[in-house]
Amino acid sequence: MRNLIKVERAKKDLTQADLAEKVGVSRQTINAIEKGKFVPSTLLALKIAQVFETEVENIFILEADDWIT
């Protein structure tokens with residue numbers, strides 16, 4: 001799953017640490033999500049989208065490979 005967290009953070013001039021504090025996780029968690037090494041829970045994805053004042057679908061993008069089981 002691709003995400004646009006880094007882009008959205010830049011628009012709001014937020015560091016990983018700033019975003020992490022706003023959503024209640026560690027900076028390392030935000031880093032792992034940005035790099036695609038960790039898929040956030042639905043609740044965390046919603047919190048992140050709320051910080052950016054947008055919908056989850058505008059932050060997290062499912063790709064064709066994500067459907068392969």
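**Close-up 1. Gln16 and its neighbours in the predicted model.** Leaving aside residues within four places in sequence, Gln16 is in contact with Arg9, Arg27, Ile30, Asn31 and Glu34. This is a predicted model, so keep that in mind for every view here. Gln16 sits in helix α2, and at 13% relative accessibility it counts as buried, because the cut-off for that is under 20%. Look for its side chain next to that of Glu34: the two are joined by a polar contact of 3.0 Å.

**Close-up 2. Where α2 meets α3.** Zoom out from Gln16 and you get the pairing of two helices. Such a pair is described by the angle between the two axes and the distance between them. Here the axes of α2 and α3 come within 8 Å and cross at roughly 110 degrees. That makes α2 roughly perpendicular to α3. On the α2 side, the residues taking part are Gln16, Ala17, Leu19, Ala20 and Val23, and they meet Arg27, Ile30, Asn31 and Glu34 of α3. Sorted by class, this contact has 5 nonpolar, 2 polar and 2 charged residues.

Close-up 3. Which residues of α3 are buried? They are Ile30, Ala32, Ile33 and Glu34. These buried residues pack against β1 (2–3), α1 (5–11), α2, α4 and β2 (60–61). Follow the chain on past α3 and you come to Gly36, which has a positive phi, near 75 degrees.

**Close-up 4. The largest nonpolar core.** This core has 15 residues. Those with the most contacts inside it are Ile5, Leu19, Val23, Ile48, Phe52, Ile59 and Phe60. Three helices, α2 (16–23), α3 (27–34) and α4 (42–51), each supply at least two of the core residues. Of these, α4 gives the most, with 5 residues.

**Close-up 5. Phe52 and the residues around it.** Phe52 is among the core residues with the most contacts inside the core. Setting aside its neighbours within four places in sequence, Phe52 is in contact with Ile5, Glu8, Arg9, Lys12, Leu14, Leu19 and Ile59. That list includes charged side chains, Glu8 being one of them.

**Close-up 6. Glu8, a charged residue that counts as buried.** Glu8 lies in helix α1. Buried or exposed? At 13% relative accessibility, Glu8 counts as buried, since the limit is under 20%. Not counting residues up to four places away in sequence, Glu8 touches Phe52 and Ile59.

Definitions and conventions. Residues numbered from 1 in each chain as written. Predicted model: local features only at pLDDT ≥ 70, side-chain atom pairs only at ≥ 80, totals over all residues. Heavy atoms only, no water. Core = buried A, V, L, I, M, F, W, Y, C linked by side-chain atoms within 4.5 Å. Buried < 20%, exposed > 50% of the residue type's maximum accessible area, 1.4 Å probe, protein only. Helix = DSSP H or I, 4+ residues; strand = E, 2+ residues; numbered from the N terminus. Contact = heavy atoms within 4.5 Å. Axes fitted to C-alpha atoms, helices over the stretch in contact; angles between N-to-C directions. Parallel < 35°, antiparallel > 145°, perpendicular 65-115°, else oblique. Polar contact = N/O pair within 3.5 Å; in protein donor to acceptor, adjacent residues only side chain to side chain.
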